[in-house]
Amino acid sequence: MSAFDILDDYEQRSLAHVAGLPEQLDAPGLWRGVGFRIGSKRLASGFNEVVEILPMPQVTPVPGAQPWLLGVANIRGNLLPIVDLKQFLEGERTVLHESQRVLIVRQPGGDVAVTIDELFGQRSFTDAQQLPDETLAQSVLAEGRYAHFVDRAYDLADASWGIFSLERLARTPEFRQAAA
């Protein structure tokens, strides 16, 4: 068998075992996004709000910036601000580690990278899993600054997930003014 025939056979067998296409992608009552953790809070943001997910880049500090602005990083020739999202929201610094990830978020005037504590990957929620507004208002997902960015939550596998609006975050005047 030639190398081409082996690869062709491999492709045919792989396609035969492919899970069905995401036909529910546009299903009514289904929400999909990127799941992540900040502190003890499990959050998710829409795919349309996350441009890219990257390992933590090398950061150059910016003198005179807010403490939550870690600095800037060169990402494929573009300088992006790197924001410690946990420190911005909770006032507590993220403990950076080797497997640290950042979410690249589009904002007016250029993209920004925000740190997250843990990446969970794709998450899907149905209307039946949505928490009532009263329950959300009393949960830790709506405490402090989170209340401005989390407007609904879902229960999945004994954990509550807040839907975090990165778009709203990027439009927040305080977030856009990183100068101390």
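Trainee: Two strands pair if DSSP finds at least two bridges between them. With that rule in hand, what is the bridge partner of Arg 37 in β2?

Mentor: Arg 37 has Arg 42 as its bridge partner there. Strands here are DSSP runs of E with at least two residues, helices are runs of H or I with at least four, and both are numbered from the N terminus. One caution before we go on: this is a predicted model, where local features need pLDDT of at least 70 and side-chain atom pairs count only at pLDDT 80 or more, while totals for chains, interfaces and linings use all residues. Residues are numbered from 1 along each chain as its sequence is written, and side-chain values use heavy atoms, with hydrogens and water left out.

Trainee: Fine. How many bridges join β1 to β2?

Mentor: Six, and the two strands, β1 (residues 30-38) and β2 (residues 41-46), run antiparallel.

Trainee: What's the strand order in the open sheet with β1 and β2?

Mentor: The order is β8-β1-β2-β10-β9, five strands with mixed pairing. Its edges are β8 (118-126) and β9, each pairing on one side only. Neighbouring strands in this sheet are turned by 35° against each other on average, direction ignored. For that angle, axes are lines fitted to C-alpha atoms (for helices, over the stretch in contact), and angles run from 0 to 180 degrees between N-to-C directions.

Trainee: And what order does the open sheet with β3 have?

Mentor: That sheet goes β3-β6-β7-β5-β4, five strands again, with mixed pairing. β3 (50-55) and β4 are the edge strands, each pairing on one side only. From one strand to the next, the twist averages 30°.

Trainee: In what sense do β4 and β5 pair?

Mentor: Antiparallel, over six bridges. In that pairing, Val 72 has Pro 81 in β5 as its bridge partner.

Trainee: What's in the loop between β4 and β5?

Mentor: Arg 76 is found there, between β4 (69-75) and β5 (78-83). Arg 76 has a positive phi of about 50° although it is not a glycine.

Trainee: Is Arg 76 buried or exposed?

Mentor: Arg 76 counts as exposed, at 62% relative accessibility. The cut-offs: buried is under 20% relative accessible area, exposed is over 50%, and partly exposed is in between, using a 1.4 Å probe and protein chains only. Ala 157 is also worth a look: it sits in the loop between β9 (150-156) and β10 (159-164), has a positive phi of about 55° without being a glycine, and is exposed at 72%.

Trainee: Switching to the inside. Which residues touch the most other members of the largest nonpolar core?

Mentor: Val 114, Phe 164 and Leu 169, out of 31 residues. Elements giving two or more residues to this core include β1, α2 (85-90), β7 (112-116) and α5 (166-171). By nonpolar core I mean a set of buried Ala, Val, Leu, Ile, Met, Phe, Trp, Tyr and Cys residues joined through side-chain atoms within 4.5 Å.

Trainee: What does Leu 169 touch?

Mentor: Leaving out residues up to four places away in sequence, Leu 169 touches Leu 85, Phe 88, Val 114, Phe 149, Phe 164 and Phe 175. Contact means heavy atoms within 4.5 Å. There is also a second, separate core of nine residues, with Leu 70, Leu 80, Ile 82 and Ala 113 among them.

Trainee: Now the rings. How many aromatic pairs are there?

Mentor: Eight. The rule takes rings of Phe, Tyr and Trp (its six-membered ring) with centres within 6.5 Å; planes under 30 degrees apart are stacked, over 60 edge-to-face, and the rest tilted. Phe 125 and Trp 161 have ring centres 6.1 Å apart and planes at 50°, so that pair is tilted. Phe 125 is in strand β8 and Trp 161 in strand β10, 36 residues apart. Phe 125 is buried at 0%, and Trp 161 is buried at 3%. Another tilted pair is Phe 149 with Phe 164, at 5.4 Å centre to centre and 40° between the planes.

Trainee: Which residues do ring pairs link into a cluster?

Mentor: Trp 31, Phe 120, Phe 125, Tyr 154 and Trp 161.

Trainee: Last one: how many helices and strands does the protein chain come to?

Mentor: Six helices and ten strands. Of the chain's 180 residues, 40% count as buried.
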